[in-house]
Amino acid sequence: MSKHVLAQNQYGKAENRIVKVTRKGSDGSWHEIRDLNVSVALRGEFRDVHLTGDNANCLPTDTTKNTVYAFGKEHGIASPEAFGILLAKHFVSSQSPIREAQIRIEEYAWERIPVPTRKEQHSFVRKGQEVRTAQVTYSETTGLQVISGLKDLTVMNSTNSEFHGYIKDKYTTLKEAYDRILATKVTARWAHSALAADDADFDWDQSYKKVRKNMLEAFAETYSYSLQQTLNQMAERVLDNCPRVNEVRLNLPNKHHFLVDLEPFGLKNDNEVYFAADRMYGLIEGTIHRDGVQPVIATSDWIVA
Ligand SMILES: O=c1[nH]c(=O)c2[nH]c(=O)[nH]c2[nH]1
């Protein structure tokens, strides 16, 4: 007889990142999103699974993951609590060895980026994460240099993004996308002209707000054929509207959202249920400056998403 006792045990799939897009309005152009990180833990009659290698009572963790995504499509996500209740009850009531299910959910909150010029609403910014930055250098010979910036400003367009027509070599497997989610965590730095730096009355707070607003609006309004194109639009919008900014450098990691294949469960995924991957990410960076102005912002540091 074994001297050892199998005590508490549980298993499931942790950190299923699901983004659910719901289209509202008569033409579906008003988008709502829910962005969850869902972890499933199952408890029950799993003695044999651990002790004898008999898996007859084991619902695969992979199935628990699939259930999260399929339930997103079938039931929608009214709230983290309501979604958790549906899942927890499902596991316990559908498989007799499962006696308890615990669903832990983190929800990431998004706010709308208002675009007054259009009825379609599908642009969002993550709440409360961003950090404002500033780098000031004063030199006896060259004077003041002020580089303002921000980091961790996460934004998403749930439509109006395509990516196709790219090089295809023997290693290319990416499918062309005609309607995808475009999401990125913006790190931006912008260099001011000496006119701003030397002006004692220059309103830095106001300038920050204006640059941020222009970047957000350009992100939301650009119908994108690549994140590189969106990057250029965001920087150009700032240079167009902020005369004392000479140069903008953007790091825009492409935070991939993959459509989940729901066909094996007899469900059609009409660009509604996405898996949000946090690694790897596309590395998209660039500097845009006024013609005739020497760029000054360092290009060497990579930004980790
Ligand atoms: O906007 C994009 N730009 C790329 O260069 C790229 N590469 C890729 O795989 N997906 C994307 N998306």
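Ala, Val, Leu, Ile, Met, Phe, Trp, Tyr, Cys and Pro count as nonpolar, Asp, Glu, Lys and Arg as charged, and the others, Gly among them, as polar. On this scheme, the shell around the ligand comprises 3 nonpolar, 3 polar and 1 charged residues. The model is predicted.

The shell consists of Phe163, Leu174, Arg180, Ser226, Leu227, Gln228 and Asn254. Phe163, Leu174 and Leu227 are its nonpolar members. Ser226, Gln228 and Asn254 are polar. Arg180 supplies the charged side chain.

Arg180 places a polar side-chain atom 2.8 Å from a ligand oxygen atom. Gln228 has a polar side-chain atom 2.8 Å from a nitrogen atom of the ligand. For Asn254, an N or O atom of the side chain lies 3.3 Å from a ligand nitrogen atom. The protein buries 72% of the 290 Å² that the ligand exposes when taken alone.

At the level of the chain, the domain assignment gives two parts. Domain 1 covers 16–108. Domain 2 is made of two segments, 123–257 and 277–289. The ligand-shell residues, from Phe163 to Asn254, fall within the 123–257 segment of domain 2. Taken over C-alpha atoms, the centres of domain 1 and domain 2 are 35 Å apart. The two domains do touch: 7 residues of domain 1 are in contact with 8 residues of domain 2.

Note on methods
Residues numbered from 1 in each chain as written. Predicted model: local features only at pLDDT ≥ 70, side-chain atom pairs only at ≥ 80, totals over all residues. Heavy atoms only, no water. Near = heavy atom within 4 Å. Polar contact = N/O pair within 3.5 Å; in protein donor to acceptor, adjacent residues only side chain to side chain. Areas by Shrake-Rupley, 256 points an atom, 1.4 Å probe, with all protein chains shown as cover. Domains from an automatic or database assignment. Contact = heavy atoms within 4.5 Å.
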